[in-house]
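Have the model open while you read.

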Amino acid sequence: MSYVESVIVPGEKIIARARTHWFIYLPSLFWLVLGGVLSLLLPLPFAVLGYVVLAGALFLVLKAWIYVHSTELAVTSSRVIAKFGFISRETVELQHSKVESLQVNQTILGRLFDYGSVVITGSGGTHAPIPYIANPLNFRSAALTGMEAVVQEGAAAHDSD
């Protein structure tokens, strides 16, 4: 069971989820290729440099894999939930009324490959940047639409009082 599914309360529905983009693996893949080339092309005493680069690249692959599998971002019918971290966990859970903005930051490569950072800003100084999110504009649109629906439901309930 995911973190988001474990913390939602009865009657709360998941409106949108975001996942991590595969682009997070690109730097480690570069170092893997470079380490492989160095270890194969350099003569034996210097090939150790290639093995060191390969070891570092494997560490980067593991680090990226852990990040991908330990990051969750979701919008429910009542709040925005962000969780990242494997051994030490950091979570941000903001009620819709406390969310000031959902910002998307994309580089040129991010626009080409459709990934970016989603930054959740809440009242009280909460600021949670979450990098390498796939389809960040779609997530932001779904989140804003979901939050708007909740606000409209609240206004309709207030008008009927």
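Over how many bridges do strand 1 and strand 2 pair? They pair over 4 bridges, in the antiparallel sense, with strand 2 covering residues 72-76. Strands here are DSSP runs of E with at least two residues, helices are H or I runs of at least four, and both are numbered from the N terminus. Two strands count as paired if DSSP finds at least two bridges between them.

Before going on: this is a predicted model, where local features need pLDDT of at least 70, side-chain atom pairs count only at pLDDT 80 or more, and totals for chains, interfaces and linings use all residues. Residues are numbered from 1 along each chain as its sequence is written, and side-chain values use heavy atoms, with hydrogens and water left out.

Strand 6 (residues 115-122) pairs with strand 7 over 6 bridges, and Val119 stands opposite Pro129 in strand 7.

**Salt bridges**

Taking a side-chain nitrogen of Lys or Arg within 4 Å of a carboxyl oxygen of Asp or Glu as a salt bridge, the count comes to 3.

| Pair | N to O distance |
|---|---|
| Glu5 and Arg17 | 3.3 Å |
| Glu12 and Arg79 | 2.8 Å |
| Arg79 and Glu93 | 2.6 Å |

Glu12, Arg79 and Glu93 are linked in a network. Arg79 lies in strand 3 and Glu93 in strand 4, so their pair ties together parts 14 residues apart in sequence. Arg79 is buried at 10% relative accessibility, while Glu93 is partly exposed at 31% (buried is under 20% relative accessible area, exposed over 50%, partly exposed in between; 1.4 Å probe, protein chains only).

**The greasy spot**

Trp22, Leu26, Leu29, Ile108, Leu109, Leu112 and Phe113 make a nonpolar surface patch of about 730 Å². Helix 4 gives the largest share, 4 residues. Leu112, found in helix 4, is exposed at 64% relative accessible area. Patches take residues with over 30% relative accessible area and no salt bridge, joining like charges within 9 Å and nonpolar side chains (Val, Leu, Ile, Met, Phe, Trp, Tyr) within 5 Å; the areas come from the Shrake-Rupley method with a 1.4 Å probe, and for residues only the protein chains shown count as cover.
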